[in-house]
Amino acid sequence: MSQRSIMPGFRPSLGFTVIYLSLVVLIPLSTLVFKSFELNWHDYVGIITNKRVLSSFRVSFSTALVAALIASFFGFITAWVLVRYSFIGKRFFHALIDFPFALPTAVAGIVLATIFQPSGFLGKLLIDTFGVQVAFKPLGIVMALIFISIPFVVRTVEPVLLEFESNMEEAASSLGATRLQVFSKIIFPNVFPALLTGFALAFARGVGEYGSVIFIAGNIPYISEIVPLLIVTKLEQYDEVGATAIALTMLVISFVLLLLINVLQLWVRKRSGQL
Amino acid sequence: MNAIPQPINPAKLVARQQVALQDADWVRWSLIAIAVSFISLFICLPLGLVIFQAFSKGVVAYWSALSQADTLAAINLTLLTALVTVPLNTVFGVTAAWAITRFDFKGKSLLTTLIDLPFSVSPVISGLIFVLLFGAEGWFGEWLMAHDVKIIFAVPGIILATLFITFPFVARQLIPLMQEMGTQEEEAALSLGAGGWKTFWAVTVPNIKWALLYGVLLCNARAMGEFGAVSVVSGHIRGLTNTLPLHVEVNYNDYNIVGAFASASILAALAVVTLILKSALEWKQGNR
């Protein structure tokens with residue numbers, strides 16, 4: 001065992017880590033569980049099956065799903081282009097990918113709202129040409145979540161594409177595969193698990209996202225009100241129990257979905273022979 | 001198709017192979033066009049708009065918005081928050097990485113998972129849990145009230161929520177790196193008689209310094225920019241508990257667009273500086 005190795009500081013470093021983790025993360029998070037004990041099952045079901053609460057769950061999860069799918073599609077293309085091709089300004093674009101990570105969400109929120117509001121630069125264009133209004137609709141939430149999702153997808157797919165062995169492609173093509181076959185049978189199955197990870201990260205972040213969404217969403221109950229906003233609203237009405245019930249439900253659903261995606265990923269990897 | 005294999009002209013074979021290894025020009029250019037338009041629409045346009053909006057009423061309006069007492073108070077509070085949380089989480093990150101990568105113990109993978117936990121919790125919920133602990137109705141609410149200590153709707157709450165949100169950043173950068181490094185260099189130093197601290201400063205730190213800086217940079221960007229969690233615990237008291245991101249929201253909701261974008265542009269500048277430093281650090285790490 002390494003505890004008996006000559007490395008110093010096992011007890012103090014582990015001790016500090018566990019105490020600090022407990023104080024900053026575990027004890028505060030446990031309040032969610034303990035607070036929910038104040039509710040009996042009947043009250044809990046009453047809070048969660050409230051029409052406005054159910055609508056907000058539908059809005060949050062559906063917009064996060066659609067945004068993560070769109071971001072995965074375009075993010076994959078972006079990662080592919082950045083890894084495989086060379087073009088002018090590539091390094092600049094490469095650095096810009098992390099901008100949504102670095103930009104505070106409130107700033108992203110007011111910027112996107114300004115662009116997509118009916119009098120805004122793109123908002124006006126979209127209404128005039130296609131008759132589509134983005135702001136104050138679920139579509140606006142999707143737009144904000146796509147912005148947030150981009151780096152998650154690109155940054156998980158990129159390293160896998162970069163390390164992909166080109167000799168597999170060479171072998172396939174020397175055996176007579178067409179370019180399309182090489183892509184669909186060799187490259188894509190190898191990158192797919194990473195793409196799934198990126199999708200899952202983007203989806204999880206999208207469900208909980210608050211700052212970048214609330215400005216563009218318009219927060220109309222039953223239409224464009226997201227779960228995090230409803231939690232804030234409950235808190236502002238001093239309904240801590242209601243806020244806790246919704247928060248705990250959202251956390252549990254998110255964890256279950258992430259678990260399912262992990263299982264799916266394992267299955268994909270097994271099937272493509274990566275495990 | 002099912003005939004006996006014919007000898008193939010080698011030149012043809014090479015040409016065929018090239019076709020299967022490279023994308024046709026039209027494919028390449030359309031993919032580049034799609035990617036560039038996607039990034040331009042979703043990233044370049046927002047970036048340009050912050051700068052444009054901040055200066056839309058002229059540089060004078062921009063300066064007057066920024067030199068307001070409330071804005072300055074918000075900047076100070078944001079700096080204070082980062083100044084407290086970033087060093088604490090950096091010390092934690094290094095310690096946790098040391099414990100996890102230098103020793104074997106039961107529950108190590110559980111500990112690693114728990115460290116990442118704040119990443120998968122919605123910012124709003126991260127704020128909520130501190131209200132449940134220290135709010136008027138919270139576990140310590142009565143005690144705090146009796147002793148006249150304010151945590152929620154006050155600066156300590158903002159710092160605690162930020163501490164939670166930025167908790168994993170440094171640890172997460174260091175753990176994979178220190179795992180990969182192994183312990184040989186440190187063991188060599190120790191067996192040659194160097195003390196524990198000396199080994200850490202002379203052997204470990206030089207090896208992890210770029211990843212450490214990278215983690216600190218990301219931690220700092222998030223600490224200064226956090227909105228959701230801080231918004232729940234702050235109470236939005238102007239000049240007292242508004243951080244810069246909250247100040248952006250307050251101004252925006254008051255239809256003070258220039259003020260909102262003036263504050264937003266400081267945060268956007270912070271994001272751009274973070275990106276530049278990040279690229280530089282990635283370049284350094286790549287050349288290590």
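Me: Which residues in α6(B) do P28(A), L29(A), T31(A), L32(A) and K35(A) in α1(A) meet?
Reply: This is a predicted model, in which local features need pLDDT of at least 70, side-chain atom pairs count only at pLDDT 80 or more, and totals for chains, interfaces and linings use all residues. Residues are numbered from 1 along each chain as its sequence is written, while chains are lettered from A and ligands numbered from 1 in the order in which they are written. With contact taken as C-beta atoms, placed from the backbone, within 7 Å, the five residues of α1(A) meet I129(B), F130(B), L132(B) and L133(B).

Me: How are α1(A) and α6(B) oriented to each other?
Reply: The axes of α1(A), residues 10-36, and α6(B), residues 123-134, come within 8 Å and cross at roughly 75 degrees. Because 65 to 115 degrees counts as roughly perpendicular, the two helices are roughly perpendicular.

Me: Which residues of chain B are in contact with I231(A), leaving aside its neighbours within four places in sequence?
Reply: Within chain A, I231(A) is in contact with A243(A), I246(A) and A247(A). From chain B, the residues in contact with I231(A) are V124(B), I125(B) and L128(B).

Notes: Two residues are in contact if their C-beta atoms, placed from the backbone, lie within 7 Å. Axes are lines fitted to C-alpha atoms, for helices over the stretch in contact, and angles run from 0 to 180 degrees between N-to-C directions. Helices (H or I, at least four residues) and strands (E, at least two) are DSSP runs, numbered from the N terminus. Angles under 35 degrees count as roughly parallel, over 145 as roughly antiparallel, 65 to 115 as roughly perpendicular and the rest as oblique.
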